Amino acid sequence: KNALNTVEMIDSKWDLLYVGRLPQLLKHEERVAHTITKPLYSFCTYGYILSPSGIEKLLKYEVEKEIIPADEILAASYIAHPRIDVRLKYPPTLCAYAMEIPVVREVNRNDSDTGKR
């Protein structure tokens, strides 16, 4: 709740707030408040909050018609994606923020049931 209040005070037009992710730090992320940063490219999207405008913007990408991982589309929605094909298909439209210290974490990334029968 405090993070949402902080983001709302910083930018009333925010769209996405990561509450759990794995930043791919090629550069330092800009801190905009004590616990809030402007996210760069991120993986392991296991916790995020969308504002109503963020939901509307994501729906306009029509990702249900494509095969693209959530991590990739979310990153492309707020920064220029490192892959040119993704960047051209999904130009950034969302205003994103991230909690510097995640409040949502994966339990155990090695305990995935993906591919198990």
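Me: Which residue is the bridge partner of Tyr18 in β5?

Reply: In this predicted model, β1 and β5 pair in the parallel sense, and three bridges join them. Tyr18 takes part in a bridge to β5, where its partner is Ala98.

Me: What is the order of the five strands in the open sheet, and which strands stand at the edges?

Reply: The five strands form an open sheet with mixed pairing, in the order β2-β3-β5-β1-β4. Strands β2 (30-31) and β4 (42-50) each have a single partner strand, so one side of each is left without a neighbour in the sheet. The edge strands are therefore β2 and β4.

Me: Which strands does helix α3 touch, and what angle does its direction make with that of β4?

Reply: Helix α3, made up of residues 70-78, packs on the sheet and touches β1, β4 and β5 (96-99). Taken against the direction of β4, the direction of α3 makes an angle of about 70 degrees.

Me: Is Ser42 buried or exposed, and with which side chain does its own side chain make a polar contact?

Reply: Ser42 is found in strand β4 and has a relative accessible area of 0%, which means that it is buried. Leaving aside neighbours within four places in sequence, its contacts include Tyr18, Leu22, Asp71 and Tyr78. The side chain of Ser42 also reaches the backbone oxygen of Leu40 at 3.1 Å. The polar contact of the Ser42 side chain with another side chain, at 2.7 Å, is with Arg21.

Me: How many disulfides does the structure hold, and are Cys44 and Cys95 buried or exposed?

Reply: A disulfide is a covalent bond between the sulfur atoms of two cysteines. Cys44 has a relative accessible area of 16% and is therefore buried, and Cys95, with a relative accessible area of 19%, is buried too. As for disulfides, the number that the structure holds is zero.

Technical notes: Residues numbered from 1 in each chain as written. Predicted model: local features only at pLDDT ≥ 70, side-chain atom pairs only at ≥ 80, totals over all residues. Heavy atoms only, no water. Disulfide = S-S within 2.5 Å. Buried < 20%, exposed > 50% of the residue type's maximum accessible area, 1.4 Å probe, protein only. Pairing = 2+ DSSP bridges. Helix = DSSP H or I, 4+ residues; strand = E, 2+ residues; numbered from the N terminus. Contact = heavy atoms within 4.5 Å. Axes fitted to C-alpha atoms, helices over the stretch in contact; angles between N-to-C directions. Polar contact = N/O pair within 3.5 Å; in protein donor to acceptor, adjacent residues only side chain to side chain.
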